[in-house]
Amino acid sequence: MDTIFGRNKEEHPEPIKAEVQGQLPPWLQGILLRNGPGMHTIGDTKYNHWFDGLALLHSFTFKNGEVYYRSKYLRSDAYNCNIEANRIVVSEFGTMAYPDPCKNIFAKAFSYLSHTIPEFTDNCLINIMKTGDDFYATSETNFIRKINPQTLETLEKVDYSKYVAVNVATSHPHYDSAGNILNMGTSIVDKGKTKYILFKIPPSVAEKEKKSCLKHLEVVCSIPSRSLLHPSYYHSFGITENYIVFVEQPFKLDIVKMATAYIRGVNWASCLAYHKEDKTWFHFVDKKTKKEVSTKFYTDAMVFFHHVNAYEEDGHIIFDIIAYTDNSLYDLFYLKNLSKNFEEKSKLTSIPACKRFVVPLQYDKEAEVGSNLVTLPSTATAVKEKDGSIYCQPEILCEGIELPRINYDDYNGKKYKYIFATQVQWSPVPVKVVKFNIQTKEMLHWEEDHSWPSEPIFVPSPDAREEDDGVVLTCVVTSDPKKAPFLLVLDAKTFKELGRATVDVEMHLDLHGMFVPEKDLKTETE
């Protein structure tokens, strides 16, 4: 268990100057903010799963060619309660905790009755979200935590469910051209009306109000779950210029099991199951009418976490996702599977594939049953079935990539050419950073021995003319104890190394994050 995954990391709340090698572009000014699990042992107790660890924020600040590193644990209620008790007392997805080991069965039963839908954790360890001038650490529960991007200090706790009836929400919101935030959550309420809710948060409110943007949150639409007691698990969704793309996969949460998990002494992750005999359904919601497209589109069973991008072309919606044929990825990150030789031992039974679906929204309603309705040049198909539903088969763009990012500001929801991602083979740990050209299928990569890069973030240059004008940033941790971790800066066009900023700390493996340009940071006096 004492691998790079299981060890608790120290925090470094004061800035540490990194040693810069190479030449960083002078325009690169701002903060790279990242989030991920950093503490897995509290007192004599250990989390079961790597994704359960307490959130550790870290940042690289770029200022006039110099780079400063800092890291700080998110002071969530979960963190504070656990540290105070010196053991795990707040349940996470893969670890069920019992606050009082002396609780008798009556107290447990009472707690169960009052917690049909459990009180979730605010250990927001997955991503960073920006709303207006504010930044939040996010995970997949109904809680987000406001943070100061410059000091990494934890500020107020926000509960989505006070503004919209959701029990869980994604940690991958979208930002539209007007600066609105779009996000999705699942509403697990009584009377069996489980539904997926799409909601919008405006970028800012009138200065004089000084209220949270969330007070102006509005529900765009809701999609009823195909199964009231088994809603789909989802980690992200897609948007195009006119549509929201939601994929309802047969990787499902069992609500009855979840409601009884506490009293049965099992974790919530055990309430998730992959139903490989089911279909995967596609939902497209028109942003203007807020109505769902009525045609039923579906594909075979699959499990996926990350959308890459989506766009419209000639009456079709094209969307790209990273998909698996089973749910082995989650299981591999149980800490018992991440022991010393896990790279040789832990093998995915399904390698990720970047799949492109081409879905004809406008098609000849008189088309024959069995005919392919895709009229764009693609090997992806959409075949009309007897009952009028349409069965979609994807084009495989490439295999073995995860944590995909794009030039988001200029190409999200639009036709695009490049995916920046990490490359994984059969082990769950990334060994390379790659740039994939969807049109030519050319792949450029960066790799170095004993180096594990994180999700690559594309930062456009100020005078960018092309999609890949800019740099790619990735945090690299090393499995060699003699080699210090570093932040890598690659030229996004050539994928050659421009420079690196090395820090003499034990850096944690993070999950997601964002680059905040200097202009988007409020000065301390504001």
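Modeller: In this predicted model, take the open sheet of 6 strands, which runs in the order S17-S18-S21-S22-S27-S26 with mixed pairing. Its edges are strand S17 (238–239) and strand S26 (381–384); each has a single partner strand, so one side of each is left without a neighbour in the sheet. Further in, strand S22 (residues 297–299) pairs with strand S27 (residues 390–393) in the parallel sense, over 2 bridges. Phe 297 has Ile 390 in S27 as its bridge partner.

The largest nonpolar core has 65 residues, and Phe 5, Leu 32, Phe 60, Phe 62 and Leu 473 have the most contacts inside it. Apart from that core lies another, of 41 residues, with Phe 297, Met 302, Leu 373 and Leu 376 among them.

Next comes the annotated site. An unreviewed UniProt entry lists His 172, His 235, His 306 and His 512 under "binding site". These positions span 341 residues in sequence, yet no two of their C-alpha atoms are more than 12.3 Å apart, so they gather at one spot. His 172 sits in the loop between strand S12 (168–169) and strand S13 (174–175), whereas His 512 belongs to strand S38 (residues 512–517). His 172 has a relative accessible area of 15%, so the residue counts as buried; His 512 is buried as well, at 3%. Their side chains make a polar contact of 3.2 Å. Leaving out residues up to four places away in sequence, His 172 touches the other listed histidines, His 235, His 306 and His 512, together with Asn 127, Asn 183, Ser 236 and Phe 237. On the same terms, the contacts of His 512 include His 172, His 235 and His 306, and also Arg 34, Asn 35, Asn 127 and Glu 455.

Two of those contacts of His 512, Arg 34 and Glu 455, meet each other in a salt bridge, with N to O at 2.7 Å. Glu 455 is in the loop between strand S33 (451–453) and S34, and Arg 34 is in strand S3 (residues 30–39), 421 residues apart, which makes this a link between distant parts of the chain. Both Glu 455 and Arg 34 are buried.

The count of salt bridges comes to 27. One of them joins Glu 66 and Lys 17, whose closest N and O atoms are 3.1 Å apart. Glu 66 lies in strand S7 (residues 66–73) and Lys 17 in strand S1 (residues 12–17), so this pair ties together parts 49 residues apart in sequence. Glu 66 is partly exposed, at 31% relative accessible area.

Another salt bridge is formed by the side chains of Glu 518 and Lys 63, at 3.4 Å from N to O. Glu 518 lies in the segment after S38 and Lys 63 in strand S6 (residues 54–63), so parts 455 residues apart in sequence are tied together. Glu 518 is partly exposed, with a relative accessible area of 39%, and Lys 63 is likewise partly exposed, at 43%.

Salt bridges also form a network, which links Lys 435, Glu 466, Asp 468, Asp 469 and Lys 493. Asp 469 is placed in the loop between strand S34 (457–460) and strand S35 (470–478) and counts as buried, at 16% relative accessibility. The side chain of Asp 469 makes a polar contact of 3.1 Å with that of Lys 493 and reaches the backbone nitrogen of Arg 465 at 2.8 Å. Apart from neighbours within four places in sequence, Asp 469 is in contact with Phe 458, Val 459, Pro 460, Ser 461, Ala 464 and Lys 493.

Last, a helix. In H3 (residues 255–264), the buried residues are Ile 255, Met 258, Ala 259, Thr 260, Ala 261 and Tyr 262. At its start, a side-chain oxygen of Asp 254 comes to within 3.1 Å of the backbone nitrogen of Val 256. Just after H3, Gly 265 has a positive phi of about 70°.

Terms used: Residues are numbered from 1 along each chain as its sequence is written. This is a predicted model: local features need pLDDT of at least 70, side-chain atom pairs count only at pLDDT 80 or more; totals for chains, interfaces and linings use all residues. Side-chain values use heavy atoms; hydrogens and water are left out. Buried means under 20% relative accessible area, exposed over 50%, partly exposed in between (1.4 Å probe, protein chains only). Helices (H or I, at least four residues) and strands (E, at least two) are DSSP runs, numbered from the N terminus. A polar contact is a pair of N or O atoms within 3.5 Å; within protein, one must be able to donate a hydrogen and the other to accept it, and residues adjacent in sequence count only if both atoms are side-chain atoms. A nonpolar core is a set of buried Ala, Val, Leu, Ile, Met, Phe, Trp, Tyr and Cys residues joined through side-chain atoms within 4.5 Å. UniProt positions are given in the numbering used here, feature names are shortened, and annotations may be inferred rather than shown by experiment. Contact means heavy atoms within 4.5 Å. Two strands pair if DSSP finds at least two bridges between them. A salt bridge is a side-chain nitrogen of Lys or Arg within 4 Å of a carboxyl oxygen of Asp or Glu.
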